Amino acid sequence: MNMKPKQPYGNTTNVTKILTSRPYWDMEHVLRNRLRTAPQFVDNIELEAELRGHNGCVNCLQWSDNGHILASASDDFHVMLWDPFRHKLLHDLMTPHEGNIFSVKFLPKRGNSLLVTGAGDSKTFVFDINRQNDNPIRQCSCHLQRVKRLATSPRNAHMFWSAAEDGLVLQHDLRQPHACHGQDANVLIDLRSYMSTVPEVKCIAINPQRPEQLAIGANDIYARLYDRRMISPGNPNRRTEVMGDTVSVTNLIDNIPKDGCVQYFCPGHLGSKYQAASQLGEMYQYKAVTYLTFSPDGTELLANMGTEHIYLYDITRSRNPLFLELPKLPGAAEGSKSGADCSGADASVGAEKTKHKFSPDVEQLKKEGNASLEKEQFLQAINKYTQAIQKVNGKDCAILYLNRATALMKRNWYGDVYAAVRDCHTALRLDPHYVKAHFRLARALLKLDKLKEAQICLEELVRRFPSYAKNPGVLMLEKDIGLEMDKARHRSPCSRMQTETYEQKENYWRTMSIDYEQRYIGHCNTKTDIKEANYLGDSNYIVAGSDDGNFFIWDRHSGIIHSVFQADELIVNCVQPHPYICMLATSGIDHEVRLWSPQSPEKPAVRRTTVVDSIVHDNQTHMQIDPFDSIAPDQAICRAS
């Protein structure tokens, strides 16, 4: 007998009302079909409820497997379990932690009964909330520094992993007895074994589709992806000694992973600058990957980087950093066909115009982008060109890529010039005769301090298009490159980082880092090292918190900001989407947990911010001038996070 209603749930967008109004037998159908996060739901997200009970910053949130329970943990050492649909506190667990709780996880396939916590006291605890008392059923104090993140695998009910600022990743198996400070049989990764710096592991994630893949982020610019099948916990030659309150570790044989067991990921512009400390200055020491997560299908890795942006990596294919890779000119003739450039800058180079036949909607977007660029409204210009590129699906649109490269170079936020280099290469692949793209690429390479590549690019431009040899713009760029090369020859060798001090394999892995596929700009991530970024809405959106008290939602494919919401008085750290429906839980410095879901379109938007451009500009300005040193005394707690 078919008991499901003939009609769907109407036009309502409030998922909580739908869930609480339907019988339990219909819940699974609702969760996995009607309430999948479609664009119309995201368009109507607003604040639904505030969950009050904590007496400190709420540092971590976690949904149960079925999405019926939300766990929150705080500086107050409490873990609270909530009914998210009725906004009720179900259980208040007072933990024995003596430091801020930074991570809480449900162990999968355990009926939402087993919880794991990790905290600033360097300890992890396992709790069975069905027991009459709240004493932990297992505890571990093997870590030497703060435990920042825990990870579980949806396919394994017995194991979890902990990452800490001692540079260690531990693998915990509940089926095996554990004795702290024994032979360290559960050490899976030890960054101290092959890094000359002091490593701190900040975050960890397990691929939900390929649980053998484990990713970690540390206090540097690299996301590391390990194959657990090629590394085993513990080291029979590792000796741990407890002396007072300290623990010393002696490696008789270096615990360095085998070849092929790890792959590094890093934005191309950062990897190239890593060896030039003078270009990053004091800001470099504050870069860290604060959060990692895999896409639901397990093909992508999303990384939130402190004092930088959010980057998406494709882990199924290799994408090398791209600086200079000029396409061959088709045919024998090397003409000088060039697309029209909307900028007055460098107008003396490749100024002749070729008509591009775009559809009216694309032509309108291009026109609006040009107008914004003329007004120096770079964010709007970049968005317009991006929308136009998406509509033409990358075909015969070299001019759109080059115009976007122009806007990126003029805006000059972190990574913009490198993104412009990538756009110039795309423009040249689409039109190898595009003189202006050659010229702009050489200019961008110079700005990236890729002097040799800039010189080669400019020389190749003149070789391919001899009529431009005496062009004023070309001559000026040639002079600029020469001046910078002269400066480079006279620089002190001390300005270069001594990469030879790193272990050989570590240095090799860094040079083989895979570049990003997409980046997400707008938020600010400088004041805490627990700031998250996650997939939202069937992976069509990316969501992350920010130092300005907002959380941002981006279109995953274009990188364009979809919306911004004011969610905390100071800082939003946690953004955890519900596993099945359009509901989002956020938390930060405030003591409240906030729930967000689609509300009626007729209701006024209270928390949605309309001055997006101004917020983004302020965030990027702040990020480039404030590496922690301007934290107010009343925000000092942020530094401890």
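Lysine 148 lies over the face of phenylalanine 102, at 4.8 Å from the ring centre; a charge counts as sitting over a ring if NZ of Lys or CZ of Arg is within 6 Å of the ring centre and within 35 degrees of the ring normal. This is a predicted model, in which local features need pLDDT of at least 70 and side-chain atom pairs count only at pLDDT 80 or more, while totals for chains, interfaces and linings use all residues. Residues are numbered from 1 along each chain as its sequence is written, and side-chain values use heavy atoms, with hydrogens and water left out.

**Aromatic rings**

- The count of aromatic pairs is 13; rings of Phe, Tyr and Trp (its six-membered ring) pair if their centres lie within 6.5 Å, and planes under 30 degrees apart count as stacked, over 60 as edge-to-face and the rest as tilted.
- Phenylalanine 125 and phenylalanine 127 form a tilted pair, 6.0 Å centre to centre with 55 degrees between the planes.
- Tyrosine 418 and tyrosine 516 form an edge-to-face pair at 6.2 Å and 65 degrees.
- Tyrosine 418 lies in helix α9 (residues 416–430) and tyrosine 516 in the loop between α13 (504–511) and β23, so this pair ties together parts that are 98 residues apart in sequence; helices (H or I, at least four residues) and strands (E, at least two) are DSSP runs, numbered from the N terminus.
- The charged end of arginine 422 sits over the ring of tyrosine 516, 4.0 Å from its centre.
- Both tyrosine 418 and tyrosine 516 are buried (buried means under 20% relative accessible area, exposed over 50%, partly exposed in between, with a 1.4 Å probe and protein chains only).

**Sheet**

- Four strands form an open antiparallel sheet in the order β20-β21-β22-β23; two strands pair if DSSP finds at least two bridges between them.
- The edge strands, each pairing on one side only, are β20 (289–294) and β23 (518–520).
- Five bridges join β21 (residues 300–305) to β22 (residues 310–314), and alanine 303 stands opposite tyrosine 311 in β22.

**Positive phi values**

- Threonine 307, in the loop between β21 and β22, has a phi near 55 degrees and is buried at 1% relative accessible area.
- Glutamate 376, in the loop between α6 (360–374) and α7, has a phi of about 65 degrees and is exposed at 59% relative accessibility.
- Most residues other than glycine have a negative phi.

**Valine 392**

- Valine 392 belongs to helix α7 (residues 378–392) and is buried, with a relative accessible area of 16%.
- Not counting residues up to four places away in sequence, valine 392 touches Phe358, Val362, Cys397 and Leu400 (contact means heavy atoms within 4.5 Å).
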